Amino acid sequence: MNRVYNFSAGPSMLPLEVLRQAQADLLDYNGSGQSVLEMSHRSKVYEEIIYGAQQLLREVYGVPNNYKILFLQGGASTQFSAVPLNLLKNGKADYVITGQFSGKAYKEAQKYGDIRLVASSKDKTFSYIPELSREDFSSDADYVHICFNNTIFGTKFPYIPDTGDVPLVADVSSCMLSEPLDISKFGVIYGGAQKNVAPAGLTVVIVRDDLLGAAAPSCPVMLNWKEQADNDSMYNTPPCWSIYICKLVLEWIERGGGLTALGQRNRKKAALLYKFLDGSELFSNPVRPQDRSIMNVTFVTPDSETNAKFVKNADAAGFVNLKGHRSVGGMRASIYNAMPSEGIEELVRFLGEFERKQALK
């Protein structure tokens, strides 16, 4: 088996144990004589999968009992519309823009109400997270929206903003299940699963009970969180296979010591890569140190020609998908949960070799 080190921002690596279990179950899941790919979502055997995944997520993430866990579709981008449609009562909301996706969420929300831009880090190419206090937010806002980790620019909120009595809503697509998180500090968290949780197709929404039931009359039924909660995320056919893989991933996290142990491993991996970049004369990371993501590490060389050469050489050596997002260029190593420590060690070794070869020219 010749597997590469896949640094894709998503869809991303899945744990090898999970892939092997899925392979073993592919033709006959748990003695049912059928694959999860073909079984009815209304069957008892599938209900055990989806309800089991919801319960495991509650346990692994420490989700309080007064929150609903929804397994939806449409990606986090669909939730850019669902959030205002479900939460706007006074018609006002506050948004913080720290990258491309929070900017898209802000633009979409403007269709539905009076949406205020509280802060932005665009002035420095989204290389930092704004420092916010309770006084920055409107007391009559229906919610405050942030993107907790910024996949493209490699930043992450180093703190949970204090929004007072105003519900905090966070897009956690690229940092979901990467480390412990106090869910009780949020009204809603949501994210696409294709980075840390499951294959593309599943969107996870965790919403506090008191925020359900006030959707706008014009809210489509498929975007209405209460409708989805009342139907156990099965108003229509759910993304069955992705939910099954999500369950396997959660079991893998649990076997590995839970989110506390996983968070420690993730921080150690990121620290190793950042240490190399900070000591390098060729490569550099543009993000303010205290705001660096442990999931998405961005870096550049002094010129685009060397960037392109590095990406080409890395790909040939089995380090794939290191090219940065098309909107910013450079390089990006997405080092999600399934990236083994040896993948980072080997990448650092390759970075060092590339730098030494460049210095000889």
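Predicted model: local features only at pLDDT ≥ 70, side-chain atom pairs only at ≥ 80, totals over all residues.
Author: Residues are numbered from 1 along each chain as its sequence is written, and side-chain values use heavy atoms, with hydrogens and water left out.

Reader: What makes residues 341-359 helix α9, and how do you know that its span agrees with expectation?

Author: Helices are DSSP runs of H or I with at least four residues, strands are runs of E with at least two, and both are numbered from the N terminus. The expected span is 1.5 Å times one less than the number of residues. For the 19 residues of α9 that gives 27 Å, and the end C-alpha atoms are 27 Å apart, so the two agree.

Reader: How does α2 do on that test?

Author: α2 has 18 residues and reaches 26 Å from first C-alpha to last, close to the 26 Å expected. Glycine 62 follows α2, with a positive phi near 65°.

Reader: Why is methionine 331 called buried?

Author: Buried means under 20% relative accessible area, exposed means over 50%, and partly exposed lies in between (1.4 Å probe, protein chains only). Methionine 331 has a relative accessible area of 1%, so it is buried. Its place is in strand β13.

Reader: Which residues touch methionine 331?

Author: Contact means heavy atoms within 4.5 Å. Leaving out residues up to four places away in sequence, methionine 331 touches a set including Phe283, Val297, Phe299, Phe310, Val311 and Leu322. Thr301 is also among them. The C-alpha atoms of methionine 331 and threonine 301 are separated by 8.8 Å, though the two residues are 30 apart along the chain.

Reader: Why does lysine 195 count as buried?

Author: Its relative accessibility is 11%, so lysine 195 falls in the buried class. Lysine 195 sits in the loop between β9 and β10. Among the residues it touches, not counting those up to four places away in sequence, are Ala9, Ser12, Thr151, Ser173 and Tyr336. The C-alpha atoms of lysine 195 and serine 334 are 8.9 Å apart, across 139 residues of chain.

Reader: What makes β9 largely enclosed?

Author: The count does: 5 of the 5 residues of β9 are buried, so the rest of the structure largely encloses it. Val188, Tyr190 and Gly192 point one way, and Ile189 and Gly191 point the other way.

Reader: How do you know which strands β9 pairs with?

Author: Two strands pair if DSSP finds at least two bridges between them. β8 and β9 have 3 bridges, in the parallel sense. β9 and β10 have 5 bridges and run antiparallel. Aspartate 171 has tyrosine 190 of β9 as its bridge partner, and isoleucine 189 stands opposite isoleucine 206 in β10.

Reader: What about β5?

Author: β5 and β8 pair in the parallel sense over 4 bridges. β3 and β5 pair in the parallel sense over 2 bridges. Histidine 145 has bridge partner valine 169 in β8, and tyrosine 95 has histidine 145 as its partner in β5. Both faces of β5 are covered: Val144 and Ile146 on one side, and His145 and Cys147 on the other, are all buried.

Reader: What makes β2 and β4 edge strands?

Author: The open sheet has 7 strands in the order β2-β10-β9-β8-β5-β3-β4, with mixed pairing. β2 (67-72) and β4 (114-120) each pair on one side only.

Reader: Why are α2 and α6 called oblique?

Author: Axes are lines fitted to C-alpha atoms, for helices over the stretch in contact, with angles from 0 to 180 degrees between N-to-C directions. Under 35 degrees is roughly parallel, over 145 roughly antiparallel, 65 to 115 roughly perpendicular, and the rest oblique. The α2 and α6 axes cross at roughly 40° and come within 9 Å. The pair is therefore oblique.

Reader: Which residues of α2 and α6 meet?

Author: From α2 they include Tyr46, Ile49, Ala53 and Leu57, and from α6 they include Ile243, Tyr244, Leu250 and Ile253. The cover over the buried residues of α2 includes β2, β9, β10, α6 and α7.
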